[in-house]
Amino acid sequence: MTTISIFLTCLHLTTTHPFELVTFERLVNFNAVEPFQHRVLLPAIVAGIQHFLPLGEKLLFGMLEVFGWIALIVLSHRALVMFNIGRDDLMRRVLAITVVIPMAMHLIAPDLQLASAFVAEDQRLDLGTWHPVPLFYYVYDLPAAVFTLGMGLLLIGHVQAPRRGLMLAYLLVFALATVNRETTVFMLGFFALLFAGRMPWSRLALLLGIQLLIFVTIQWPLNWLFADQVNPNAQLAGTQYENHLWENLGLLTSPLYLIIFVARFAAGLHLPVLMWHRWLDVRLVAALIGFSLPLIGFALLAGRVQEQRIFIETVPLIWLAALQVIAARSEAGDRRPNAATATAPLGTRQTLVPEAEPATMSSRRKPTGAEGACNRQPD
């Protein structure tokens with residue numbers, strides 16, 4: 001795991017480069033443009049370390065990225081345990097490492113620039129001018145994905161076994177993640193869908209209000225602090241965000257580019273989720289509908305689709321959803337989920353096993369530990 005993390009970090013640092021207005025030096029000196037500069041968690045950590053150690057920014061950001069990849073794999077293993085995916089722990093450890101594949105597709109793999117898709121020369125059809133365009137490196141991308149997966153697991157763990165400590169831990173991680181990137185605001189949709197019907201509406205409204213208060217308390221001062229560091233490319237309704245909607249839609253109207261985009265997005269893992277959505281756990285339905293879809297919509301508006309890193313927070317969720325539906329579909333065989341499963345509301349537990357159980361099912365061992373917790377009815 002450590003070796004893979006070091007390799008991915010070195011590959012990321014050597015095949016990409018920071019945007020000229022958001023270099024490592026400018027981030028650590030807090031003079032990069034908005035909205036990039038107010039994502040201050042990692043720049044503040046690096047600046048703090050440099051007060052005590054004579055280390056360069058690239059080395060320190062690289063070291064933090066190594067820890068980020070390790071944390072991602074560890075959390076992915078925990079997610080597989082929670083959803084009882086994999087026959088044993090060895091298989092889960094191997095499967096957990098596969099999360100780096102779709103992540104690398106978004107963070108590291110270059111975009112294919114199609115100057116001309118096809119050409120005709122000497123009455124023969126051939127490929128036109130293609131060349132890879134390296135992505136930009138942003139220090140907060142990988143941590144944002146790690147935080148999102150961690151917050152999702154804390155909430156799902158609270159659904160399985162409600163404990164005040166888990167909710168407090170979630171709020172603390174939410175606050176820390178908000179210092180890293182403002183996309184945590186989309187967690188409110190996930191939270192609302194996940195707990196609708198699982199807790200009183202008054203308590204749900206209170207917890208949503210607390211999260212919104214945390215978000216505003218952190219984001220407003222950061223936006224105010226760096227308000228003078230104007231983004232020269234900002235075009236979105238008087239904000240510091242860029243507007244790339246029509247550019248993105250223009251690219252996606254190219255059939256060849258659209259095929260490449262679909263194949264690359266989450267390494268194609270969204271396809272089994274779409275095909276076998278009837279086997280998708282309702283808790284992951286809440287994550288994909290409440291968090292991923294709004295994030296993707298905003299990314300298409302304010303981000304450049306060539307930089308698939310703009311979708312990075314949703315990649316671990318899609319990876320987990322894909323493994324969950326594949327495992328559920330494999331266990332069910334040719335049987336389809338019953339009608340109650342297919343239409344179960346988000347506030348109820350989804351059952352992935354048809355009502356008519358084969359006699360041999362009763363001979364299976366009783367789940368224990370984390371596996372048993374995943375199968376318990378929520379309170």
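1. Phe 226 sits in the loop that links α10 (201-225) to α11 (245-252); helices here are DSSP runs of H or I with at least four residues, strands are runs of E with at least two, and both are numbered from the N terminus. The model is predicted, so local features need pLDDT of at least 70 and side-chain atom pairs count only at pLDDT 80 or more, while totals for chains, interfaces and linings use all residues. Residues are numbered from 1 along each chain as its sequence is written, and side-chain values use heavy atoms, with hydrogens and water left out.

2. Phe 226 counts as buried because its relative accessibility is 6% (buried is under 20% relative accessible area, exposed over 50%, partly exposed in between; 1.4 Å probe, protein chains only). Not counting residues up to four places away in sequence, Phe 226 touches Phe 30, Glu 34, Gln 37, His 38 and Val 40 (contact: heavy atoms within 4.5 Å). The C-alpha atoms of Phe 226 and Ala 32 are 9.0 Å apart, with a sequence separation of 194 residues.

3. Gln 219 belongs to helix α10 and, at 5% relative accessibility, counts as buried. Beyond four places in sequence, Gln 219 is in contact with His 38, Thr 178 and Glu 182. With His 38 there is a side-chain to side-chain polar contact at 3.0 Å (a pair of N or O atoms within 3.5 Å; within protein, one must be able to donate a hydrogen and the other to accept it, and residues adjacent in sequence count only if both atoms are side-chain atoms).

4. Strands β2 (residues 118-121) and β3 (residues 124-127) pair antiparallel over 4 bridges (pairing requires at least two DSSP bridges between the strands). Ala 120 is opposite Leu 125 of β3. The two strands form a hairpin with 2 residues between them, and Asp 122 in the turn has a positive phi of about 55°.
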